[in-house]
Amino acid sequence: MARILITSAIPYINGIKHLGNLVGSQLPADLYARYMRARGNEVMFICATDEHGTPAELAAAKAGKPVEEYCAEMHEVQKELAAGFRLSFDHFGRSSSQRNHVLTQQFAGKLAENGYITEVSEKQVYSHADGRFLPDRYIEGTCPNCGYDRARGDQCEECTKQLDPTDLINPRSAISGSTDLEVRETKHLYLRQSAMRDQLDQWIDSKTDWPILTTSIAKKWLHDGEGLQDRGITRDLHWGVPVKKGTEDWPGMEGKVFYVWFDAPVEYIAATAEWADAQGMDESAWRRWWRLDEGAEDVRYVQFMGKDNVPFHTLSFPATIMGSGEPWKLVDYIKSFNYLNYDGGQFSTSLGRGVFMDQALSILPADYWRWWLLSHAPENSDSEFTWENFQASVNKDLADVLGNLVSRVTKFCRSKFGEVVPEGGEFGPQEAALIEELTTRIRTYEAHMEAMEVRKAASELRAIWVIGNEYLQAAAPWSVVKTDPEQAAAQVRLALNLIRVYAVISQPFIPDAAAAMMDAMGSTSWDWPVDLQAALQALPAGHAFTVPEVLFRKITDEERAEWQQRFSGIRN
RNA sequence: GGGCCUGUAGCUCAAUGGUUAGAGCAGGGCGCUCAUAACGCCUUGGUUGGGGGUUCGAGUCCCUCCGGGCCUACCA
């Protein structure tokens, strides 16, 4: 039994996430966590809301609420939705927690002690009307290069030229539109990532089994231009972790907070501590997952994220850990994903284009979405959601192949033998062949799951379901029963046991349907079918079962057309 | 501009440089009647984006052109 620490990139607090966000981190992380638990490993699966930063403050202001209150509410909303999608976090924390404040400040203190923090005095734009410093991209103006009048302070989206906010002609606040701006001198802390470049480079080089997507992004940042740059880790905001050197005040940093990307990854650790607190456990309960000197030596740590998060997880956060000089657990494997597009374009939170988590659950159960999203996960390149594809995949895979199999087996048994596992007959060559083929395929499925090859695992699982139908067709108990009821009984007994095995191995993908299958089989035995021969005898002759409700109803053409229309434009 | 990823059947995707490029869906044919008009079997379908090169051998490696996407460090 291994110990596996799994974290999903933490979703930002300012609204409900869309399906692209879900499939890029939380959902595959959940698949892996569920599989690893099913195999008997000790798993710690952590996620949280990422609550700090300018966008959170603006979203709260827009909602007319204090930012603390806004975040608390949105955290509950996201927590509920995660539960709705059956995301099996051991803890869903908050980056605004006291645990995170303390840990973030401790890391900063250690980094300062070890000489990895420098103070830099710089000029930033302050907006009197907004009462805040403005991040570069919150300043708009006319591009000096191409004349585009909505260029942002960091880059002109029209001509792609990199800009400095002071380059803009007629600059204004993107928040209020105010032109009452002032360049002010302000002091910030920088993390000296450049000083750790070689160490990070060697560390990345040692990760030869990581996805290309992960390592190529890291390499680019390490070697591009003058190499890895130092990074500002403080901001002039109110909402965040106050800048402190451990537990001490940081002279000159009064009123400033740490940059959200400095405190967000630390929340992985803090959320584990929050978990221990919620369980009423002591410090050692969470430290054994994170401290190499307190039991984490044998932990395997896997992170899941979309490609936009890769630089922070391959460079900034490891630099924070390495620079602390303390024995914190570094990530062992980073599984990163490309983007999911929506029907010919991008999902858009601002335009309300695409399907969002709450909307998805309002029209269909979680398993439908889980199955489609995971079986089409954007692992090698961006992939695309279309309603036609969704309807076809879900109807065929879930309703026809799996759902109908359960239905035909249970209903046939009920009509010929009653609602108990029938007695009599023996397994013959046909059954032996089935068991052999299934064993091979289950081993392949396990290998794909171990390797986090999500689409391949889904494809193999589907093939395993198909074999059940092939067997029934070949065995034809509905014919055999007329001449040899004992033989038909043995065939049906096998098929019923197959349903229980399918519930066990399908559970990581479709937990609700799996539970319904297990429940219908009157069993609570979720043991993984390491020995399939034995697993197919778990339900003995005479064992009672029930015929379940239809597991997956089909999506009609009318529904598909209506949803296609409803989610094409502006979110209501 | 630079870097990276990607282009394979109508659609979604496979294929350590090594037989005749494979699956699922869709299309066509046959079978079955237990089942959610479900299932099974057979089958049509390819100049692997274009061109050039390396090699005994290229979907795979190199060059070039074309298309799609991402990143480019103060949104997170």
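Strands here are DSSP runs of E with at least two residues, and helices are runs of H or I with at least four residues, both numbered from the N terminus; two strands count as paired if DSSP finds at least two bridges between them. This is a predicted model, in which local features need pLDDT of at least 70 and side-chain atom pairs count only at pLDDT 80 or more, while totals for chains, interfaces and linings use all residues. Residues are numbered from 1 along each chain as its sequence is written, and side-chain values use heavy atoms, without hydrogens and water.

S4 and S5 form a hairpin with four residues between them. Gly131, in the turn, has a positive phi of about 65 degrees. S4 also pairs with S9.

| Antiparallel pair | Bridges | One facing pair |
|---|---|---|
| S4 (residues 117-127) and S9 (residues 181-191) | 11 bridges | Ile117 and Leu191 |
| S4 and S5 (residues 132-133) | two bridges | Tyr126 and Phe133 |
| S6 (residues 139-142) and S8 | three bridges | Thr142 and Ile169 |

An open antiparallel sheet of three strands has the order S7-S6-S8. S7 (151-152) and S8 (169-173) each have a single partner strand, so one side of each lacks a neighbour in the sheet.

A nonpolar core is a set of buried Ala, Val, Leu, Ile, Met, Phe, Trp, Tyr and Cys residues joined through side-chain atoms within 4.5 Å, where buried means under 20% relative accessible area (1.4 Å probe, protein chains only). The largest such core has 179 residues, of which Leu19, Trp369, Trp387, Phe390, Tyr502 and Phe509 touch the most other members. A second, separate core of eight residues includes Ile139, Cys143, Ala151 and Leu163.

Key:
Chains are lettered from A and ligands numbered from 1 in the order in which they are written. Buried means under 20% relative accessible area, exposed over 50%, partly exposed in between (1.4 Å probe, protein chains only).
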